[in-house]
Amino acid sequence: MTEVLRIDLPNESVAHFKEIASVLLALSRVFSHGGESLDKTLPMMVKTCHQLGEYYPELLSMSAELENHSLLNEIEQQQLCFEFNRLFIGPTPPIAPPYESVYLSQDQLVMQEQTVKVRSLYQDENLMVISQGKNPDDFMATELEFAAYLLRNADKEAMQNKGLNRLKYYELYTEFSQEHLRKWLPKFVERVHQKANHPVFPMLMDVLLCTIELPLQQRRNV
Amino acid sequence: MPEKHYHVCPRNCYDTCSIISTTVNGVLVSIEGNPAHDYTKGKLCPKAMNDIQKVYNPSRIRYPMRQRQRFSGNWERMSWDEALDMIAQKIIDSKKHDGNTLSLALNKYSGNFGALHNAMEWLFSGMGPTTRAVGSPCWSAGVDAQTYDFGKFFCSEPREMGHAKLLWLWGVNPAWTAVHQMPIIFDAMDRGSKVICFDTYLSDTAARSHRFIQVKPGTDGLLALAMCKVLCEENLMDDKLYDYTLGLVEFIDYLTNSIDLTEAAEITGVKAEIIRELAIEYGQTCPACIWVGFGLQRYTNGGQTLRAIDALGALAGHIGEKGGGVHYGHFETWKFAGAGLPEQQNRQLNINRFAREALACDKPPLRVLWLSGRNPLAQDADLKHWHRLIQQLELIVINDLFLTKSAQAADIFLPATTHYEHWDLNSSYWHYWVGINEPAINPVGEAKSDLEIAWNLSAKLNRFEKGSCSFPTSGSERETALKQLGPDMLRMLGLNTPEEILDRPIKAKFPPTAWENHEFVTPSKRYEFQSSRALAAGLPALPVFEPALLPSKETPLRLLTPHHSMMINSQSYQDALSDYYDLYINPRLLENYGLKIGETAEIWNEYASLQVKVKVDMSLPEDVVIIYQQAIEQRAQARNALLNSNLSDMGDVAAGGKGLAINETFVSLRKLTPSERSF
Ligand code: SF4
């Protein structure tokens with residue numbers, strides 16, 4: 001942490017926290033709104049990816065591919081929804097349950113130590129999951145929304161040119177990403193890559209892994 | 001701060017344990033047995049020990065879901081509002097179409113035995129006369145048998161068994177299925193009591209007993225009658241029998257004229273001299289107790305078997321004796337107040353022949369089926385009828401925790417809460433405790449309790465058509481649970497107000513020994529060897545031996561499917577599930593069929609065939625094979641495909657319908673060529 005504080009970050013025009021946050025938020029919506037709303041959430045995904053792609057060309061090709069798969073007729077959309085539910089929701093045991101603790105807890109359950117840990121991170125920011133206690137706090141959509149929140153705040157701080165203050169949210173993102181997102185998402189993504197029957201989902205996973213890394217990449221660049 | 005909560009294990013299990021859970025920050029972190037409960041004594045069995053894994057299992061279903069085509073696996077999430085709209089609309093349409101509500105069917109049983117799980121029944125009663133699955137897949141024959149003999153179904157407090165000097169465990173395997181009874185049995189053994197286990201095979205309980213008597217399946221009733229005859233011959237009958245029994249002379253006549261010890265020995269497989277020795281010991285030892293297991297009555301002669309064993313207990317004077325008697329079960333503490341809805345003239349279908357009888361319904365045919373606490377596609381007989389029924393039905397709804405075999409056939413899946421997420425009130429069919437079950441955590445995901453589902457659907461129905469359901473549309477779960485303690489239950493529990501049960505589980509104030517003053521509640525107020533009620537039900541008035549079904553040449557092996565130590569019916573508590581069933585056979589059979597241990601073989605009968613891995617059990621008779629119940633029907637073909645719905649002889653009077661004679665399933669065995677083997 002002290003090391004981070006000594007590093008000066010790239011200025012906001014290079015960081016693109018806002019655009020990254022938009023992609024993360026769009027990804028969050030994909031999971032919070034579920035397979036039945038992919039007709040709305042996927043185009044939003046594509047749009048945000050496109051915007052971010054202006055700065056990160058690797059995302060441009062991903063978003064172009066995603067776009068091809070987001071213009072679906074009704075039957076294709078329904079198939080996509082069934083596949084989404086098979087992968088993430090159920091009722092058959094889901095291939096890749098979108099909860100952190102399933103990947104990191106000893107018994108591979110929901111509502112475990114990891115869930116409580118992210119809850120306290122949210123609390124530190126005066127945030128609370130609306131359905132706390134019913135839906136695990138480490139639900140992927142919630143974690144991504146929180147990541148987007150951190151980056152948006154980092155962006156705001158950058159805009160206000162607050163110097164060290166600006167590092168607070170970037171630092172929080174780094175910490176959150178290292179302690180949580182980066183620990184479980186690769187395992188989650190791997191399952192999707194192995195078992196998905198529709199190309200859209202591995203693509204989404206590629207966008208996901210790539211996007212959460214972007215803010216960290218910037219630090220490495222520095 | 002950790003918080004503690006009371007629960008009751010709601011499984012279909014003898015022990016109905018009292019549980020204390022701990023939550024931290026709204027998360028369930030541990031469960032333990034309640035030390036203040038004199039039966040549970042702070043211990044739980046391994047089935048409950050993985051409750052947290054069950055509650056927080058990522059495979060648990062969190063949202064209402066709709067399947068576009070049955071068995072397709074193509075599911076969509078829907079909101080509760082959409083799900084209930086769809087169900088309510090279908091109910092209203094069916095009612096309009098038929099002019100009545102009989103096309104709506106409920107098939108509910110023991111997935112969760114809590115009193116508030118009757119909410120589904122209340123909901124259906126609120127809609128009008130509907131079609132119901134009645135009876136029990138389990139204990140019907142025995143319940144009726146004891147009703148004929150004693151007047152009602154009741155037994156002594158189970159700890160009383162510890163006073164017995166001689167304890168017969170007859171067709172029961174508590175080492176696997178009633179673990180809290182084992183310490184009571186072991187203590188009695190330590191104090192010098194003798195324990196004899198009667199069974200078809202050497203169960204874990206038999207292995208821990210002083211003596212094992214191997215009885216041929218379906219002949220236990222004859223064994224009991226033969227021992228009754230010995231008691232008469234040896235003058236070991238209670239000399240006060242004339243004071244409190246009915247039909248003694250007729251019964252003795254029957255024994256004298258129709259029971260022959262040599263023949264009984266031949267049929268039961270127990271030598272005549274052993275029958276005599278056992279009977280004499282039973283007649284001479286006080287107190288002597290018999291515990292009859294549920295498996296014994298799962299034959300076409302199951303009720304007669306229970307009546308014969310009751311008669312043995314009565315003849316020897318052990319009924320009403322402290323530490324004696326014939327234990328089977330009871331439902332005296334199940335007198336819940338209900339929802340106060342009027343009794344409906346429902347169309348009643350035997351739960352064990354539900355699909356078969358449902359297919360025969362035409363005025364009107366079944367249109368909507370609601371499955372609750374049931375998994376018929378993994379448990380019931382007549383699977384082919386079930387599949388035909390599924391094709392005919394217009395809407396199938398299931399509320400459950402996980403995607404069961406039966407849920408794969410559903411159109412709508414509604415996620416249910418566990419007993420850590422709702423209020424309930426639970427009684428045992430074995431001990432006398434009644435306990436409140438409190439919610440410890442919020443419902444997981446969008447899961448709802450049965451009661452809430454029932455309220456919400458009633459609200460929808462009434463919104464669509466005013467007055468279409470008289471079940472309440474809202475309420476308090478806690479209050480509804482407490483209301484189940486009506487005046488009878490309060491008296492029974494020695495409580496002034498229902499709220500007192502919130503403090504701790506309470507034991508009913510029954511005398512610990514059943515029938516201690518020989519005050520029976522039969523029509524004659526006596527123990528009835530000769531029962532007019534049995535006669536009126538078309539049965540022999542006396543307990544008699546009626547042979548069970550026997551294997552045929554084509555299917556020479558009797559298939560028994562006892563409970564596994566880690567399973568309750570299709571509810572599994574195993575960490576790792578196998579992909580196939582193990583078939584236990586006698587080593588001689590192995591030789592006869594040219595099989596090797598671990599080899600894949602096939603069992604089949606006229607209904608289905610099933611590939612199994614062969615294992616050996618030295619204690620099994622040569623014409624009996626065993627598959628322990630395992631919840632692997634999602635991975636392998638369900639073993640119930642082999643079942644036919646033969647019914648037990650009794651069950652219509654007190655149990656609501658005859659039971660399933662599941663132990664009269666016969667199969668053939670075949671060695672497979674390597675290319676035929678699936679595993
Ligand atoms: S399954 Fe039976 S023994 Fe096990 S905890 Fe539940 S009630 Fe007790």
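Contact, on this tour, means heavy atoms within 4.5 Å. The model is predicted. Keep both chains loaded and follow the stops.

**Stop 1: helix H3 of chain B**

Select residues 80–98 of chain B. This is helix H3, with 19 residues.

Now colour the buried residues of H3(B): Trp80(B), Ala83(B), Leu84(B), Ile87(B), Ala88(B), Ile91(B), Ile92(B), Ser94(B) and Asp98(B). Around the axis they take up an arc of only 160 degrees, so they sit on the same side of H3(B). Turn to the face pointing away from that buried side. There you find the exposed residues Lys96(B) and His97(B).

What covers the buried residues of H3(B)? Show strand S6 (104–108), helix H4 (119–127) and S15, all of chain B; they are among the covering elements.

**Stop 2: Ser94(B) and the end of H3(B)**

Stay in helix H3 of chain B and pick Ser94(B). Is Ser94(B) buried or exposed? Its relative accessibility is 2%, so Ser94(B) counts as buried.

Show its partners, leaving aside neighbours within four places in sequence. Ser94(B) contacts Gly99(B), Asn100(B), Ser103(B) and Leu104(B), and also Arg367(B) and Val368(B). One of these partners, Gly99(B), comes just after H3(B) and takes a positive phi of about 80 degrees.

**Stop 3: helix H14 of chain B**

Select residues 302–315 of chain B. Helix H14 has 14 residues and reaches 20 Å from its first C-alpha to its last, close to the 20 Å expected at 1.5 Å a residue. How many of the residues of H14(B) are buried? The count is 14 of 14. Step just past H14(B) to Gly317(B), where phi is positive at about 80 degrees.

**Stop 4: two cis prolines in chain B**

Go to Cys286(B) and Pro287(B). A cis peptide bond joins them, with omega of about -10 degrees. Pro287(B) belongs to the loop that runs between helix H13 (272–284) and strand S12 (288–292) of chain B.

Next, select Lys363(B) and Pro364(B). They too are joined by a cis peptide bond; here omega is about -5 degrees. The loop holding Pro364(B) lies between helix H15 (354–359) and strand S15 (368–372) of chain B.

**Stop 5**

Where is Lys525(B)? Look in the loop between strand S20 (506–507) and strand S21 (527–528) of chain B. Lys525(B) has a positive phi of about 65 degrees, although it is not a glycine. Its relative accessible area is 55%, so Lys525(B) is exposed.

Switch to Gln108(A). This residue is not a glycine either, and its phi is positive at about 55 degrees. Gln108(A) sits in the loop between helix H7 (100–104) and helix H8 (113–124) of chain A. At 46% relative accessibility, Gln108(A) counts as partly exposed.

**Stop 6: chain A and its helix H4**

Show chain A as a cartoon. Chain A has 11 helices and 0 strands. Of its 222 residues, 55% are buried. Take the contacts in chain A between residues at least 6 apart in sequence: 68% of them join residues at least 24 apart.

Select residues 38–53 of chain A. This is helix H4, with 16 residues, reaching 21 Å between its first and last C-alpha, close to the expected 22 Å. Among the buried residues of H4(A) are Leu38(A), Leu42(A), Met45(A), Cys49(A) and Leu52(A).

Centre on Met45(A). Beyond neighbours within four places in sequence, Met45(A) is in contact with Val23(A), Ala26(A), Leu27(A), Val30(A), Leu66(A), Leu204(A) and Val207(A).

**Stop 7: the largest nonpolar core**

Which residues touch the most other members of the largest nonpolar core? Select Met45(A), Phe88(A), Phe188(A), Phe201(A), Tyr56(B), Trp168(B) and Trp170(B); the core has 288 residues. Its largest share, 11 residues, comes from helix H11 (residues 200–221) of chain A.

**Stop 8: where the chains meet**

Finish at the contact between the chains. It takes 22 residues from chain B and 28 residues from chain A. The area buried between chain B and chain A is about 2,300 Å², with carbon and sulfur atoms giving 60% of it. How many salt bridges does the rule find across this interface? It finds 0 between chain B and chain A.

How values were computed
Residues numbered from 1 in each chain as written. Chains lettered and ligands numbered in written order. Predicted model: local features only at pLDDT ≥ 70, side-chain atom pairs only at ≥ 80, totals over all residues. Heavy atoms only, no water. Helix = DSSP H or I, 4+ residues; strand = E, 2+ residues; numbered from the N terminus. Buried < 20%, exposed > 50% of the residue type's maximum accessible area, 1.4 Å probe, protein only. Core = buried A, V, L, I, M, F, W, Y, C linked by side-chain atoms within 4.5 Å. Expected span 1.5 Å × (residues − 1). Arc of directions from axis to C-beta. Buried area = accessible area lost by both parts, 1.4 Å probe. Salt bridge = Lys/Arg side-chain N within 4 Å of Asp/Glu carboxyl O.
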